[in-house]
Amino acid sequence: MAPETKRHIAAGGLRDLVLYFLRLGALGFGGPIALVGYMQRDLVEDRKWFTREDYAEGLALAQLCPGPLAAQLAIYLGWLKGGIFGSNLVGIAFVLPSFLMVVALAVLYLHYGGLPWMRGVFYGVGAAVIAVIARSAVKLARMTLGKDRLLWAFFIGSALVTVWSQSEFVWVFLACGAASVLVKTPPKILKSGSASIFIAGWPAALFMGLHGLAPAGTLWKIAWYFTKAGAFVFGSGLAIVPFLYGGVVKEFQWLNDRQFLDAVAVAMITPGPVVITVGFIGYLVAGPAGAVVAALGTFLPCYLFTVIPAPFFHRSARNPRIKALVEGVTAAATGAIAGAAIVLGRRAIVDIPTALIASVTLVLLVKARKIPEPILILAAGIVGWILGGRGT
């Protein structure tokens with residue numbers, strides 16, 4: 001175990017953290033933005049297993065590196081608690097429950113000709129999720145920005161860019177981090193002057209997708225394409241959706257538009273990281289083998305991009321320049337989360353019923369804090385199924 005992790009052991013051991021992420025992966029609805037909010041609330045505010053500085057470091061590193069935001073933050077927190085071994089256990093615990101769920105749904109989808117009821121459920125779930133995201137963004141802003149006007153400027157600028165572009169850009173995070181360094185530690189900067197899968201012997205069912213038996217060549221394409229997706233897409237797990245659409249639907253034509261939208265809906269109505277939709281897509285293309293290959297290809301780059309720089313990033317956190325960089329990046333990241341809430345809200349809140357669902361959920365989150373989020377999400381899904389149509 002890395003020496004720098006010892007100070008974290010007293011408050012919540014690695015076993016407790018793994019169990020927490022196993023539960024979050026199984027019950028944590030709302031996508032990446034809501035998930036990082038849950039981590040901040042549960043691990044920093046309530047249980048105090050990590051300091052605010054630890055959380056801010058992890059969030060900044062996750063925003064600077066490509067890959068799914070929530071999974072990277074979880075891996076970093078696992079590394080803080082137990083080094084490489086801890087990051088491995090936490091990463092698996094966080095991703096495995098939702099992966100198994102989407103594979104199970106993919107089996108049903110493949111054998112029963114689609115899941116039309118999902119669209120009705122998502123009608124309500126999507127609206128409730130916006131309330132969860134909005135509340136998380138407010139709490140995160142209060143925790144990370146304080147009364148620092150410069151950080152609030154970064155927050156507002158990043159939020160506006162996100163709303164205008166409807167996506168997240170790593171250069172915004174880098175620019176805010178660099179500006180924070182220049183403003184908060186200019187003398188030191190000036191002084192230093194630096195700125196092949198084998199099918200033989202395996203049951204054919206492992207490789208059966210929508211179009212029958214998938215050849216080994218397709219599995220290689222899945223592995224390479226989803227590895228690129230995990231290595232070059234920045235921002236939250238939602239940022240990977242347009243990238244996947246371009247390849248899965250347009251380039252390779254593995255799925256049509258309706259099937260791809262169903263895959264995204266599956267990710268939104270199941271707990272855990274939204275990017276786990278890759279498991280559903282992989283299953284439809286090449287069966288269980290495709291699901292495993294797609295998931296490994298997507299998550300391996302983000303794992304490496306987190307654990308490799310983690311020791312340096314953590315050791316340097318008290319350096320004034322690194323601290324200023326982290327503050328600037330975190331402010332921009334928080335602004336992007338707030339902007340994403342607005343962007344997603346436009347898509348999910350489309351009429352009076354969805355507006356009411358979002359409003360009621362937000363009121364309950366603020367006033368009735370003892371009601372677990374999964375219960376609210378489930379209730380919203382049932383209401384959406386009723387109002388939005390059971391099979392439309």
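Helix H3 is mostly covered: of its 13 residues, ten are buried (under 20% relative accessible area; exposed is over 50%, partly exposed in between, with a 1.4 Å probe and protein chains only). The buried residues of H3 are Asp 54, Tyr 55, Ala 56, Glu 57, Gly 58, Leu 59, Ala 60, Leu 61, Ala 62 and Gln 63. Helices here are DSSP runs of H or I with at least four residues, numbered from the N terminus.

This is a predicted model, where local features need pLDDT of at least 70, side-chain atom pairs count only at pLDDT 80 or more, and totals for chains, interfaces and linings use all residues. Residues are numbered from 1 along each chain as its sequence is written, and side-chain values use heavy atoms, without hydrogens and water.

The length of H3 (residues 52-64) agrees with expectation: the end C-alpha atoms are 18 Å apart, and the span should be 18 Å. The expected span is 1.5 Å times one less than the number of residues.

Two salt bridges turn up in a search of the whole structure. The criterion is a side-chain nitrogen of Lys or Arg within 4 Å of a carboxyl oxygen of Asp or Glu.

| Salt bridge | N to O distance |
|---|---|
| Asp 42 with Arg 41 | 2.7 Å |
| Asp 148 with Lys 184 | 2.8 Å |

Asp 148 sits in the loop between helix H5 (117-145) and helix H6 (149-165), and Lys 184 in helix H7 (residues 170-184), so this pair ties together parts 36 residues apart in sequence. Asp 148 is partly exposed at 24% relative accessibility. Lys 184 is partly exposed too, at 32%.

In the other pair, Asp 42 is buried at 10%. Arg 41 is buried at 17%.

Note on methods. Helix = DSSP H or I, 4+ residues; strand = E, 2+ residues; numbered from the N terminus.
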